[in-house]
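Thanks for coming, everyone. Please have the sequence and the model open, and follow along as I talk.

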Amino acid sequence: MRKARLGQMYLRLTAVYGPQQWWPAATSFEVIVGAYLTQNTSWKGVERSIQNLAAHGSLTIDGVRGLPDEELRQLIRPSGFMVRKAAALKAFVTLLDREYRGSLSQLAAEQPETARVKLLALPGVGPETADAILLYALGHPAMVVDEYLRRIVTRHRLLPAKATYSEIQALAIDALNESYPEGDRNAIVQHYNEFHALVVMVGKTHCGPTPKCDGCPLAEFLPISGPFLK
DNA sequence: ATCCAGGTGC
DNA sequence: GCACCTGGAT
C-alpha cells in the first residue's frame, strides 16, 4: 500500500535526521511572516528580511500595519518579490483587523476549515502557505505539501506525475494516520510539523530538480532503481 | 553565465 | 505554461 510505504519513509527519515524543531522560538506572527517570505526563495534571504523587520521594531502586527508600503518593501527585499509580498503581508493584517479584531488568537480560535478558506482568499496565499500558517502558526493539524514532497511521492511512483496538491496531501495524511492511529490532536500536529521539516531536509539534500539518490535515506524505497527517475 | 530556492497568480 | 525578485551556489 502506498500510504504504508510513505509512512515507513517517514520513520526512516526520523531515524536518520532526528527532530528538526522548526520554528521553535518564534512568535506566531513571525512564523506567518516567514511563511509568506519563503515562497520560492531561499531561507537565507528570509532570515535577513526577518532581521531587518526586527531591527526596525516592525516584526509585529502593529509594526507591519504601521509601515508604509515602500518601507516594508525595502525591509523584505532580501527575500525577493518584495512588491507582491509586501502587499500580501499588508492584506493579511487587514484581514486580521477586519474579521479577527487584529488578533491572531481570534484567528486561531476560528474553525480550521474556515480559517483555511479565509487565508486562501488572500493575495499571495496559495495552498502551501495557507497550510503552513495553519500548522506552524495556528497549531492546527494541516498537512503541508511542497515541491519536495511532490517530487518524492511522484519519483517513488506513489502517485502519478500530475497528482494535485490535495491528492498528495491526502496520501500524506493517510500515511501518518496509519503510522500513528493513537495520536491525540497535539501529537498529530507534532507529526505534521516534523514530517514536513524532514521532507524539506531530505528534499534539499537529495530531491532537487535533479535527483541525487546516492546516500539518500529513501533510496531503498525506490520502486526499481534510481537512474531512470526524472 | 546559469540555476534555483520551504509558490502564487494570470 | 510562464513571469516574478533576490542572492548564493555551480
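Let's start at the DNA. Arginine 84 has a polar side-chain atom 3.2 Å from a base nitrogen of DNA strand B. Keep in mind that this is a predicted model. Now look at the backbone contacts. In valine 125, a backbone N or O atom lies 3.4 Å from a phosphate oxygen of DNA strand B.

DNA strand B is surrounded by 23 residues. Trp23, Gly124, Thr129, Tyr148 and Pro209 are the closest.

Next, the inside of the protein. The largest nonpolar core holds 70 residues. Leu6, Tyr36, Phe92 and Phe195 have the most contacts inside this core. Which element gives the largest share? H6 does, with nine residues. And where does the core lie? Domain 1 (2-21 + 143-221) and domain 2 (28-137) both contribute residues, so the core lies between them.

Zoom in on phenylalanine 92. Beyond its neighbours within four places in sequence, phenylalanine 92 contacts Phe29, Ile32, Tyr36, Leu104, Leu107, Leu119 and Leu122.

Now go to tyrosine 100. Tyrosine 100 sits in helix H6, which covers residues 82-100. Buried or exposed? Tyrosine 100 is buried, because its relative accessible area is 4%, under the 20% cut-off. Its contacts, leaving out neighbours within four places in sequence, are Leu95, Gln106, Leu107, Glu110 and Lys118. Take glutamate 110 from that list. Glutamate 110 is ten residues along the chain from tyrosine 100, and their C-alpha atoms are 9.0 Å apart.

Move on to arginine 101. Arginine 101 is in the loop between H6 and helix H7 (104-109). With 76% relative accessibility, arginine 101 is exposed. Check its backbone: phi is near 55°, a positive value in a residue other than glycine. Most residues other than glycine have a negative phi.

There is another case. Arginine 157 is not a glycine, yet its phi is positive, about 60°. Look for arginine 157 in the loop between H10 and helix H11 (165-179). Arginine 157 counts as partly exposed, at 48% relative accessibility.

Last stop: histidine 206 and the cysteines. Histidine 206 is in helix H12. Histidine 206 is buried, at 10% relative accessibility. Not counting residues up to four places away in sequence, histidine 206 touches Tyr17, Pro211, Lys212, Asp214, Gly215, Cys216 and Pro217.

So what about disulfides? A search of the whole structure finds zero. The cut-off is 2.5 Å. How exposed are these two? Cysteine 213 is partly exposed, with a relative accessible area of 25%. Cysteine 216 is buried, at 15%.

That's my tour. Questions, please.

Methods: Residues are numbered from 1 along each chain as its sequence is written. Chains are lettered from A and ligands numbered from 1 in the order in which they are written. This is a predicted model: local features need pLDDT of at least 70, side-chain atom pairs count only at pLDDT 80 or more; totals for chains, interfaces and linings use all residues. Side-chain values use heavy atoms; hydrogens and water are left out. Helices (H or I, at least four residues) and strands (E, at least two) are DSSP runs, numbered from the N terminus. Buried means under 20% relative accessible area, exposed over 50%, partly exposed in between (1.4 Å probe, protein chains only). Contact means heavy atoms within 4.5 Å. A nonpolar core is a set of buried Ala, Val, Leu, Ile, Met, Phe, Trp, Tyr and Cys residues joined through side-chain atoms within 4.5 Å. Domain bounds come from an automatic or database domain assignment. A residue is near a molecule or strand if one of its heavy atoms lies within 4 Å of it. A polar contact is a pair of N or O atoms within 3.5 Å; within protein, one must be able to donate a hydrogen and the other to accept it, and residues adjacent in sequence count only if both atoms are side-chain atoms.
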